[in-house]
Amino acid sequence: MLAASRDPIVAISTAPGRGGVGIVRVSGRGLALFVEGLLGRVLKPREATYLPFADAAGQPIDHGLALWFPGPHSYTGEDVLELQGHGGPVVLQLLLARCLEVSRDTLTALRTARPGEFTERAFLNDKLDLAQAEAVADLIDASTEAAARSASRSLAGVFSGRIHGLRDALVNLRMLVEATLDFPEEDIDFLQKADATGQLRRLREALAGVQAQARQGALLRDGLQVVIAGQPNAGKSSLLNALAGAELAIVTPVAGTTRDVVQQTIQIEGVPLHVVDTAGLRDSPDVDEVEKIGIERAWGQIREADVVLFLHDLTRTETVVYQSADAVIAASLAQAVPTGVPVLHVWNKLDQSPSVRADLQGGLAISAKQGEGLEALRQRLLALAGWQQPGDGLFMARARHLQALQRVDEHLLLADGLLAAQAEHLDLLAEELRLAQQALGEITGEFTADDLLGEIFSRFCIGK
(Lines give C-alpha, C1' and ligand atoms only; values in the text may rest on other atoms or scores of the structure.)
Protein backbone atom coordinates (compact mmCIF):
# COMPACT_ATOMS: atom_id res chain seq x y z
CA MET A 1 0.00 0.00 0.00
CA LEU A 2 2.80 2.42 0.90
CA ALA A 3 4.55 1.84 -2.43
CA ALA A 4 1.35 2.40 -4.37
CA SER A 5 0.69 5.60 -2.42
CA ARG A 6 3.67 7.27 -4.13
CA ASP A 7 2.06 7.04 -7.58
CA PRO A 8 0.37 10.22 -8.88
CA ILE A 9 -3.39 9.61 -9.12
CA VAL A 10 -6.37 11.10 -10.93
CA ALA A 11 -10.13 10.62 -10.69
CA ILE A 12 -13.47 12.24 -11.37
CA SER A 13 -14.46 13.54 -7.93
CA THR A 14 -18.09 14.41 -8.55
CA ALA A 15 -20.90 11.87 -8.48
CA PRO A 16 -21.81 9.99 -11.69
CA GLY A 17 -24.46 11.59 -13.87
CA ARG A 18 -25.07 15.05 -15.23
CA GLY A 19 -24.68 18.24 -13.22
CA GLY A 20 -23.84 21.90 -13.45
CA VAL A 21 -20.25 21.36 -12.33
CA GLY A 22 -17.89 18.39 -12.57
CA ILE A 23 -14.46 18.04 -10.97
CA VAL A 24 -11.40 16.07 -12.00
CA ARG A 25 -8.82 15.84 -9.22
CA VAL A 26 -5.10 14.99 -9.49
CA SER A 27 -2.73 14.34 -6.58
CA GLY A 28 0.94 13.43 -6.46
CA ARG A 29 4.45 14.67 -5.81
CA GLY A 30 6.24 16.96 -8.25
CA LEU A 31 3.28 17.71 -10.53
CA ALA A 32 4.41 21.19 -11.66
CA LEU A 33 5.69 19.92 -15.06
CA PHE A 34 2.50 17.91 -15.60
CA VAL A 35 0.31 20.95 -14.83
CA GLU A 36 2.21 23.13 -17.27
CA GLY A 37 1.97 20.44 -19.96
CA LEU A 38 -1.77 19.99 -19.40
CA LEU A 39 -2.79 23.64 -19.19
CA GLY A 40 0.02 25.37 -21.10
CA ARG A 41 0.82 27.79 -18.30
CA VAL A 42 2.08 28.04 -14.73
CA LEU A 43 -0.73 28.46 -12.22
CA LYS A 44 -0.64 30.67 -9.16
CA PRO A 45 -1.03 28.61 -5.97
CA ARG A 46 -4.49 28.61 -4.33
CA GLU A 47 -5.96 30.97 -6.94
CA ALA A 48 -8.78 30.06 -9.32
CA THR A 49 -7.80 30.48 -12.99
CA TYR A 50 -10.40 30.46 -15.76
CA LEU A 51 -9.04 28.89 -18.96
CA PRO A 52 -9.78 26.35 -21.70
CA PHE A 53 -9.04 22.67 -21.12
CA ALA A 54 -7.52 21.72 -24.47
CA ASP A 55 -7.00 18.34 -26.13
CA ALA A 56 -3.75 17.20 -27.82
CA ALA A 57 -4.60 19.22 -30.96
CA GLY A 58 -5.15 22.39 -28.95
CA GLN A 59 -8.93 22.30 -29.33
CA PRO A 60 -10.89 23.07 -26.18
CA ILE A 61 -12.63 20.14 -24.51
CA ASP A 62 -14.27 22.54 -22.06
CA HIS A 63 -13.76 25.88 -20.33
CA GLY A 64 -13.56 26.06 -16.56
CA LEU A 65 -11.54 26.78 -13.44
CA ALA A 66 -8.18 25.28 -12.50
CA LEU A 67 -7.03 25.29 -8.87
CA TRP A 68 -3.43 24.48 -7.94
CA PHE A 69 -2.42 23.49 -4.40
CA PRO A 70 1.31 22.77 -4.08
CA GLY A 71 2.11 20.29 -1.30
CA PRO A 72 2.19 20.08 1.61
CA HIS A 73 -0.53 22.75 1.81
CA SER A 74 -3.30 20.67 0.25
CA TYR A 75 -5.96 18.13 1.18
CA THR A 76 -3.69 15.14 0.57
CA GLY A 77 -0.41 16.79 1.61
CA GLU A 78 0.85 16.34 -1.99
CA ASP A 79 0.57 18.59 -5.02
CA VAL A 80 -3.13 18.74 -5.94
CA LEU A 81 -4.74 20.03 -9.14
CA GLU A 82 -8.50 20.41 -9.52
CA LEU A 83 -10.18 21.01 -12.87
CA GLN A 84 -13.70 22.34 -12.45
CA GLY A 85 -15.68 22.12 -15.66
CA HIS A 86 -19.22 21.31 -16.72
CA GLY A 87 -20.70 18.20 -15.19
CA GLY A 88 -21.42 16.11 -18.25
CA PRO A 89 -20.14 12.51 -18.08
CA VAL A 90 -18.62 12.64 -21.58
CA VAL A 91 -16.78 15.90 -20.86
CA LEU A 92 -15.39 14.59 -17.61
CA GLN A 93 -14.23 11.34 -19.22
CA LEU A 94 -12.46 13.37 -21.93
CA LEU A 95 -10.72 15.47 -19.26
CA LEU A 96 -9.71 12.32 -17.38
CA ALA A 97 -8.32 10.75 -20.56
CA ARG A 98 -6.45 13.97 -21.37
CA CYS A 99 -4.80 13.96 -17.93
CA LEU A 100 -3.63 10.38 -18.44
CA GLU A 101 -2.37 11.27 -21.93
CA VAL A 102 -0.34 14.27 -20.71
CA SER A 103 1.07 12.20 -17.85
CA ARG A 104 2.58 9.79 -20.37
CA ASP A 105 4.09 12.67 -22.34
CA THR A 106 5.60 14.23 -19.20
CA LEU A 107 6.63 10.87 -17.68
CA THR A 108 4.43 11.53 -14.66
CA ALA A 109 3.02 7.96 -14.62
CA LEU A 110 -0.44 9.07 -13.55
CA ARG A 111 -2.97 6.33 -12.77
CA THR A 112 -6.65 6.30 -11.86
CA ALA A 113 -7.31 6.47 -8.13
CA ARG A 114 -8.78 3.70 -6.02
CA PRO A 115 -11.93 4.44 -3.96
CA GLY A 116 -11.00 6.67 -1.04
CA GLU A 117 -7.38 7.04 -2.10
CA PHE A 118 -7.26 10.85 -1.84
CA THR A 119 -8.44 10.69 1.79
CA GLU A 120 -6.14 7.73 2.42
CA ARG A 121 -3.20 9.90 1.36
CA ALA A 122 -4.41 12.69 3.63
CA PHE A 123 -4.23 10.16 6.48
CA LEU A 124 -0.83 8.75 5.45
CA ASN A 125 0.58 12.27 5.15
CA ASP A 126 -0.72 13.28 8.61
CA LYS A 127 -3.29 15.75 7.32
CA LEU A 128 -6.06 13.76 9.05
CA ASP A 129 -6.07 10.99 11.62
CA LEU A 130 -8.07 7.84 10.93
CA ALA A 131 -11.17 8.91 12.86
CA GLN A 132 -11.25 12.19 10.92
CA ALA A 133 -10.73 10.36 7.63
CA GLU A 134 -13.70 8.08 8.38
CA ALA A 135 -15.75 11.17 9.21
CA VAL A 136 -15.27 12.35 5.61
CA ALA A 137 -17.19 9.30 4.35
CA ASP A 138 -19.73 9.63 7.16
CA LEU A 139 -20.40 13.25 6.22
CA ILE A 140 -20.99 12.24 2.59
CA ASP A 141 -23.24 9.34 3.60
CA ALA A 142 -25.17 11.16 6.35
CA SER A 143 -28.91 10.50 6.03
CA THR A 144 -30.09 13.09 8.59
CA GLU A 145 -29.13 16.63 9.54
CA ALA A 146 -28.06 15.48 13.02
CA ALA A 147 -25.80 12.82 11.49
CA ALA A 148 -24.23 15.39 9.16
CA ARG A 149 -23.52 17.79 12.02
CA SER A 150 -22.01 15.02 14.13
CA ALA A 151 -19.83 13.84 11.23
CA SER A 152 -18.69 17.42 10.70
CA ARG A 153 -17.63 17.65 14.35
CA SER A 154 -15.69 14.40 14.03
CA LEU A 155 -14.00 15.75 10.91
CA ALA A 156 -13.07 18.87 12.85
CA GLY A 157 -11.34 16.64 15.42
CA VAL A 158 -13.81 16.60 18.33
CA PHE A 159 -13.80 12.79 18.64
CA SER A 160 -10.04 12.60 18.12
CA GLY A 161 -9.55 15.23 20.80
CA ARG A 162 -11.44 13.11 23.32
CA ILE A 163 -9.34 10.07 22.38
CA HIS A 164 -6.12 12.07 22.70
CA GLY A 165 -7.21 13.26 26.15
CA LEU A 166 -7.69 9.64 27.26
CA ARG A 167 -4.36 8.69 25.72
CA ASP A 168 -2.47 11.47 27.53
CA ALA A 169 -3.93 10.42 30.88
CA LEU A 170 -3.09 6.80 30.10
CA VAL A 171 0.50 7.65 29.10
CA ASN A 172 0.98 9.53 32.35
CA LEU A 173 -0.24 6.52 34.31
CA ARG A 174 2.02 4.19 32.33
CA MET A 175 4.97 6.46 33.08
CA LEU A 176 4.36 6.07 36.82
CA VAL A 177 4.15 2.29 36.58
CA GLU A 178 7.26 2.05 34.42
CA ALA A 179 9.18 4.28 36.85
CA THR A 180 8.25 1.97 39.71
CA LEU A 181 9.43 -1.03 37.66
CA ASP A 182 12.69 0.66 36.68
CA PHE A 183 13.64 1.73 40.21
CA PRO A 184 12.40 -1.01 42.56
CA GLU A 185 15.19 -0.34 45.04
CA GLU A 186 14.02 3.23 45.69
CA ASP A 187 12.20 3.85 48.92
CA ILE A 188 9.72 6.15 47.22
CA ASP A 189 6.39 4.64 46.22
CA PHE A 190 5.77 6.39 42.91
CA LEU A 191 2.24 5.00 42.50
CA GLN A 192 0.95 5.94 45.93
CA LYS A 193 2.55 9.37 45.97
CA ALA A 194 1.14 10.24 42.53
CA ASP A 195 -2.33 8.86 43.40
CA ALA A 196 -2.21 6.27 40.63
CA THR A 197 -5.42 4.70 41.95
CA GLY A 198 -7.24 8.03 41.68
CA GLN A 199 -5.79 8.65 38.22
CA LEU A 200 -7.00 5.28 37.00
CA ARG A 201 -10.45 5.87 38.48
CA ARG A 202 -10.74 9.25 36.77
CA LEU A 203 -9.49 7.75 33.52
CA ARG A 204 -12.18 5.06 33.60
CA GLU A 205 -14.84 7.70 34.36
CA ALA A 206 -13.69 9.77 31.39
CA LEU A 207 -13.69 6.65 29.21
CA ALA A 208 -17.28 5.88 30.23
CA GLY A 209 -18.31 9.37 29.09
CA VAL A 210 -16.61 8.91 25.72
CA GLN A 211 -18.26 5.49 25.31
CA ALA A 212 -21.69 6.94 26.00
CA GLN A 213 -21.22 9.67 23.41
CA ALA A 214 -19.74 7.21 20.91
CA ARG A 215 -22.81 4.97 21.24
CA GLN A 216 -25.00 7.97 20.45
CA GLY A 217 -22.82 8.84 17.45
CA ALA A 218 -22.92 5.27 16.17
CA LEU A 219 -26.71 5.29 16.44
CA LEU A 220 -26.85 8.48 14.34
CA ARG A 221 -24.61 6.88 11.74
CA ASP A 222 -26.04 3.36 11.49
CA GLY A 223 -29.59 3.85 12.72
CA LEU A 224 -31.81 1.13 14.12
CA GLN A 225 -33.21 -1.90 12.30
CA VAL A 226 -36.87 -2.13 13.39
CA VAL A 227 -38.77 -5.21 12.19
CA ILE A 228 -42.57 -5.35 12.38
CA ALA A 229 -43.76 -8.92 12.95
CA GLY A 230 -47.05 -10.57 13.74
CA GLN A 231 -49.97 -12.53 12.35
CA PRO A 232 -51.57 -11.65 9.00
CA ASN A 233 -53.98 -8.68 9.06
CA ALA A 234 -52.62 -7.34 12.35
CA GLY A 235 -51.92 -4.04 10.57
CA LYS A 236 -48.16 -4.33 9.94
CA SER A 237 -48.30 -2.64 6.53
CA SER A 238 -50.61 0.05 7.90
CA LEU A 239 -48.10 0.73 10.68
CA LEU A 240 -45.22 1.01 8.20
CA ASN A 241 -47.25 3.44 6.10
CA ALA A 242 -48.19 5.47 9.18
CA LEU A 243 -44.60 5.72 10.43
CA ALA A 244 -43.30 6.59 6.96
CA GLY A 245 -46.11 9.00 6.18
CA ALA A 246 -46.59 7.42 2.74
CA GLU A 247 -48.45 4.52 1.14
CA LEU A 248 -45.49 2.22 0.71
CA ALA A 249 -47.11 -1.15 1.34
CA ILE A 250 -50.39 -2.53 0.00
CA VAL A 251 -53.09 -2.77 2.64
CA THR A 252 -56.10 -5.10 2.11
CA PRO A 253 -58.29 -7.29 4.33
CA VAL A 254 -56.93 -10.35 2.49
CA ALA A 255 -54.58 -12.47 4.63
CA GLY A 256 -51.09 -12.78 3.20
CA THR A 257 -51.14 -9.55 1.16
CA THR A 258 -47.50 -8.81 2.05
CA ARG A 259 -45.41 -11.47 0.35
CA ASP A 260 -41.98 -9.85 0.54
CA VAL A 261 -39.95 -7.53 2.73
CA VAL A 262 -40.82 -3.82 2.43
CA GLN A 263 -38.36 -1.41 4.02
CA GLN A 264 -38.33 2.34 4.56
CA THR A 265 -35.90 4.57 6.45
CA ILE A 266 -37.52 7.23 8.60
CA GLN A 267 -35.98 9.57 11.15
CA ILE A 268 -37.05 10.39 14.67
CA GLU A 269 -35.27 13.35 16.26
CA GLY A 270 -32.47 12.90 13.73
CA VAL A 271 -32.01 9.17 14.40
CA PRO A 272 -32.50 7.02 11.26
CA LEU A 273 -34.79 4.03 11.76
CA HIS A 274 -34.89 1.34 9.09
CA VAL A 275 -38.45 0.04 9.46
CA VAL A 276 -39.13 -3.35 7.87
CA ASP A 277 -42.61 -4.69 7.10
CA THR A 278 -42.70 -8.46 6.81
CA ALA A 279 -45.09 -11.18 5.72
CA GLY A 280 -47.64 -12.30 8.31
CA LEU A 281 -46.36 -15.19 10.40
CA ARG A 282 -48.65 -18.21 10.27
CA ASP A 283 -48.63 -21.95 9.79
CA SER A 284 -51.64 -22.90 7.68
CA PRO A 285 -52.43 -25.27 4.81
CA ASP A 286 -53.71 -22.20 2.93
CA VAL A 287 -50.19 -20.78 2.65
CA ASP A 288 -48.89 -21.06 -0.92
CA GLU A 289 -45.26 -21.32 -2.00
CA VAL A 290 -44.82 -17.58 -2.56
CA GLU A 291 -46.13 -16.73 0.91
CA LYS A 292 -43.92 -19.44 2.45
CA ILE A 293 -40.87 -17.72 0.95
CA GLY A 294 -42.12 -14.40 2.35
CA ILE A 295 -42.48 -15.94 5.83
CA GLU A 296 -38.96 -17.37 5.64
CA ARG A 297 -37.63 -13.94 4.71
CA ALA A 298 -39.58 -12.46 7.61
CA TRP A 299 -37.79 -14.74 10.06
CA GLY A 300 -34.49 -13.83 8.42
CA GLN A 301 -35.20 -10.13 9.06
CA ILE A 302 -36.22 -10.86 12.65
CA ARG A 303 -32.89 -12.56 13.31
CA GLU A 304 -31.07 -9.41 12.08
CA ALA A 305 -33.25 -6.90 13.96
CA ASP A 306 -32.20 -4.36 16.57
CA VAL A 307 -35.81 -4.09 17.78
CA VAL A 308 -38.81 -6.29 16.97
CA LEU A 309 -42.32 -4.82 17.07
CA PHE A 310 -44.67 -7.74 17.78
CA LEU A 311 -47.96 -6.40 16.44
CA HIS A 312 -51.21 -7.76 17.89
CA ASP A 313 -54.76 -7.23 16.65
CA LEU A 314 -56.99 -5.90 19.46
CA THR A 315 -60.15 -6.92 17.59
CA ARG A 316 -59.20 -10.62 17.73
CA THR A 317 -57.50 -10.96 21.11
CA GLU A 318 -60.43 -12.80 22.70
CA THR A 319 -60.59 -15.60 20.13
CA VAL A 320 -58.91 -18.85 21.17
CA VAL A 321 -57.44 -19.49 17.72
CA TYR A 322 -55.79 -16.05 17.61
CA GLN A 323 -54.43 -16.35 21.16
CA SER A 324 -52.97 -19.77 20.38
CA ALA A 325 -51.28 -18.50 17.20
CA ASP A 326 -49.87 -15.48 19.07
CA ALA A 327 -48.43 -17.77 21.73
CA VAL A 328 -46.71 -19.89 19.06
CA ILE A 329 -45.21 -16.76 17.44
CA ALA A 330 -44.04 -15.44 20.82
CA ALA A 331 -42.26 -18.73 21.55
CA SER A 332 -40.62 -18.70 18.12
CA LEU A 333 -39.54 -15.08 18.56
CA ALA A 334 -37.89 -15.94 21.87
CA GLN A 335 -35.73 -18.46 20.02
CA ALA A 336 -35.06 -16.40 16.88
CA VAL A 337 -34.34 -12.97 18.35
CA PRO A 338 -30.67 -12.51 19.37
CA THR A 339 -29.89 -12.09 23.06
CA GLY A 340 -30.40 -8.53 24.21
CA VAL A 341 -32.64 -7.51 21.31
CA PRO A 342 -35.90 -6.11 22.73
CA VAL A 343 -39.34 -7.29 21.59
CA LEU A 344 -41.93 -4.54 21.98
CA HIS A 345 -45.57 -5.65 22.06
CA VAL A 346 -47.79 -3.23 20.12
CA TRP A 347 -51.56 -3.65 20.17
CA ASN A 348 -53.13 -2.23 17.00
CA LYS A 349 -56.66 -1.18 15.96
CA LEU A 350 -57.38 0.82 19.10
CA ASP A 351 -59.94 2.79 17.06
CA GLN A 352 -62.00 -0.39 16.73
CA SER A 353 -61.52 -1.45 20.37
CA PRO A 354 -61.80 1.71 22.49
CA SER A 355 -62.11 -0.26 25.73
CA VAL A 356 -58.85 -2.19 25.79
CA ARG A 357 -59.22 -5.45 27.67
CA ALA A 358 -56.03 -7.17 26.49
CA ASP A 359 -52.99 -7.57 28.69
CA LEU A 360 -50.57 -5.11 27.10
CA GLN A 361 -47.52 -6.90 28.54
CA GLY A 362 -45.69 -3.63 28.99
CA GLY A 363 -46.43 -2.66 25.40
CA LEU A 364 -48.44 0.08 23.72
CA ALA A 365 -51.94 0.36 22.28
CA ILE A 366 -52.13 2.25 18.99
CA SER A 367 -54.26 2.86 15.95
CA ALA A 368 -52.08 2.79 12.85
CA LYS A 369 -55.10 3.87 10.80
CA GLN A 370 -55.93 6.93 12.92
CA GLY A 371 -52.40 7.71 14.11
CA GLU A 372 -53.30 7.38 17.77
CA GLY A 373 -50.38 6.33 19.99
CA LEU A 374 -47.76 6.68 17.26
CA GLU A 375 -45.83 9.44 19.02
CA ALA A 376 -45.59 7.29 22.16
CA LEU A 377 -44.36 4.44 19.95
CA ARG A 378 -41.68 6.67 18.38
CA GLN A 379 -40.44 7.75 21.80
CA ARG A 380 -40.40 4.15 23.04
CA LEU A 381 -38.28 3.15 20.03
CA LEU A 382 -35.78 5.91 20.82
CA ALA A 383 -35.65 4.77 24.44
CA LEU A 384 -35.05 1.16 23.41
CA ALA A 385 -32.23 2.35 21.17
CA GLY A 386 -30.62 4.07 24.15
CA TRP A 387 -30.97 7.50 22.57
CA GLN A 388 -30.61 10.57 24.76
CA GLN A 389 -30.99 14.16 23.67
CA PRO A 390 -27.40 15.07 22.69
CA GLY A 391 -25.52 18.24 23.44
CA ASP A 392 -23.61 20.33 20.92
CA GLY A 393 -20.48 18.19 21.24
CA LEU A 394 -21.85 14.92 19.84
CA PHE A 395 -19.49 13.29 17.36
CA MET A 396 -19.88 10.49 14.82
CA ALA A 397 -18.62 7.02 15.70
CA ARG A 398 -18.52 3.59 14.08
CA ALA A 399 -18.89 0.02 15.30
CA ARG A 400 -15.11 -0.47 15.25
CA HIS A 401 -14.70 2.58 17.52
CA LEU A 402 -17.15 1.12 20.03
CA GLN A 403 -15.32 -2.21 19.94
CA ALA A 404 -11.96 -0.53 20.50
CA LEU A 405 -13.33 1.52 23.41
CA GLN A 406 -14.79 -1.64 24.92
CA ARG A 407 -11.36 -3.30 24.77
CA VAL A 408 -9.85 -0.25 26.46
CA ASP A 409 -12.44 -0.57 29.22
CA GLU A 410 -11.68 -4.28 29.68
CA HIS A 411 -7.93 -3.66 29.94
CA LEU A 412 -8.44 -0.83 32.43
CA LEU A 413 -10.74 -3.01 34.51
CA LEU A 414 -8.00 -5.65 34.73
CA ALA A 415 -5.47 -2.92 35.48
CA ASP A 416 -7.65 -1.71 38.35
CA GLY A 417 -7.52 -5.13 39.97
CA LEU A 418 -3.77 -5.44 39.43
CA LEU A 419 -3.09 -1.98 40.83
CA ALA A 420 -4.61 -3.04 44.15
CA ALA A 421 -1.89 -5.71 44.44
CA GLN A 422 0.79 -3.16 43.42
CA ALA A 423 4.31 -4.64 43.67
CA GLU A 424 3.16 -8.22 43.16
CA HIS A 425 1.88 -7.68 39.62
CA LEU A 426 3.40 -4.44 38.33
CA ASP A 427 4.63 -6.07 35.14
CA LEU A 428 1.11 -7.31 34.32
CA LEU A 429 -0.30 -3.90 35.21
CA ALA A 430 2.13 -2.23 32.80
CA GLU A 431 1.10 -4.67 30.04
CA GLU A 432 -2.64 -4.03 30.52
CA LEU A 433 -2.04 -0.28 30.32
CA ARG A 434 0.03 -0.75 27.17
CA LEU A 435 -2.73 -2.81 25.55
CA ALA A 436 -5.29 -0.17 26.53
CA GLN A 437 -3.21 2.53 24.82
CA GLN A 438 -2.84 0.35 21.74
CA ALA A 439 -6.62 -0.11 21.52
CA LEU A 440 -7.06 3.67 21.77
CA GLY A 441 -4.48 4.15 19.04
CA GLU A 442 -6.47 1.93 16.70
CA ILE A 443 -9.23 4.55 16.66
CA THR A 444 -7.02 7.39 15.44
CA GLY A 445 -4.72 5.18 13.37
CA GLU A 446 -1.59 5.28 15.53
CA PHE A 447 -1.67 1.47 15.68
CA THR A 448 -3.47 0.18 12.60
CA ALA A 449 -2.83 -2.76 10.29
CA ASP A 450 -2.70 -2.17 6.53
CA ASP A 451 -5.56 -4.61 5.92
CA LEU A 452 -7.84 -2.53 8.17
CA LEU A 453 -6.88 0.62 6.27
CA GLY A 454 -7.70 -1.10 3.00
CA GLU A 455 -11.10 -2.16 4.34
CA ILE A 456 -11.92 1.34 5.58
CA PHE A 457 -10.92 3.32 2.50
CA SER A 458 -12.33 0.83 -0.01
CA ARG A 459 -15.80 1.84 1.18
CA PHE A 460 -15.28 5.47 0.14
CA CYS A 461 -16.55 6.82 -3.16
CA ILE A 462 -14.03 7.21 -6.00
CA GLY A 463 -12.49 10.67 -6.13
CA LYS A 464 -12.62 11.27 -2.38
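**Figure 1. Surroundings of leucine 429 in the predicted model.** In this predicted model, leucine 429 is in contact with Val177, Ala415, Leu418 and Leu419, when its neighbours within four places in sequence are left aside. Leu429 is also one of the residues with the most contacts inside the largest nonpolar core, together with Leu405, Leu412 and Leu433. That core has 32 residues. At least two of its residues are supplied by each of the helices α6 (158–182), α8 (196–222), α13 (399–421) and α14 (426–444). Helix α14 provides the largest share, 8 residues. In soluble globular proteins, nonpolar side chains tend to be buried together.

Figure 2. An open sheet of 6 strands runs in the order β3-β4-β5-β2-β1-β6, and its pairing is mixed. Strands β3 (49–54) and β6 (111–112) stand at the edges; each has a single partner strand, so one side of each is left without a neighbour in the sheet. Helix α2 (residues 89–105) packs on this sheet and touches β1, β2, β3, β4, β5 (79–87) and β6. The direction of helix α2 makes about 175° with that of β1.

**Figure 3. Pairing of strands β1 and β2.** Strand β1 (residues 9–12) pairs with strand β2 (residues 19–28) in the antiparallel sense, over 4 bridges. Isoleucine 12 has valine 24, in β2, as its bridge partner. Strands of a sheet pair through backbone hydrogen bonds, either parallel or antiparallel.

**Figure 4. Strands β10 and β11.** Between strand β10 (residues 307–313) and β11, the pairing is parallel and extends over 6 bridges. Valine 308 stands opposite valine 343, which belongs to β11. Strand β11 (residues 343–348) is mostly covered, with 5 of its 6 residues buried.

**Figure 5. The cis peptide bond at proline 72.** Glycine 71 and proline 72 are joined by a cis peptide bond, with omega at about 5°. Proline 72 lies in the loop between β4 and β5. Strand β4 (residues 60–69) is where confidence in the chain is highest, at a mean pLDDT of 96.

**Figure 6. Positive phi values at arginine 46 and glutamate 269.** Arginine 46 is a residue other than glycine, with a positive phi near 55°. Its place is the loop between α1 (32–39) and β3. Glutamate 269 also is not a glycine, and its phi is positive, about 55°. This glutamate is found in the loop between β8 (262–268) and β9 (271–277). At 38% relative accessibility, glutamate 269 counts as partly exposed, because this value falls between the limits of 20% and 50%.

Figure 7. Cysteine 461, at 38% relative accessibility, counts as partly exposed.

**Figure 8. Confidence along the chain.** The average pLDDT of the chain is 86, and 90% of the residues score at least 70. Confidence is lowest in helix α7 (residues 190–193), where the mean is 73.

Conventions. Residues numbered from 1 in each chain as written. Predicted model: local features only at pLDDT ≥ 70, side-chain atom pairs only at ≥ 80, totals over all residues. Heavy atoms only, no water. pLDDT = per-residue confidence, 0-100. Pairing = 2+ DSSP bridges. Contact = heavy atoms within 4.5 Å. Axes fitted to C-alpha atoms, helices over the stretch in contact; angles between N-to-C directions. Core = buried A, V, L, I, M, F, W, Y, C linked by side-chain atoms within 4.5 Å. Buried < 20%, exposed > 50% of the residue type's maximum accessible area, 1.4 Å probe, protein only.
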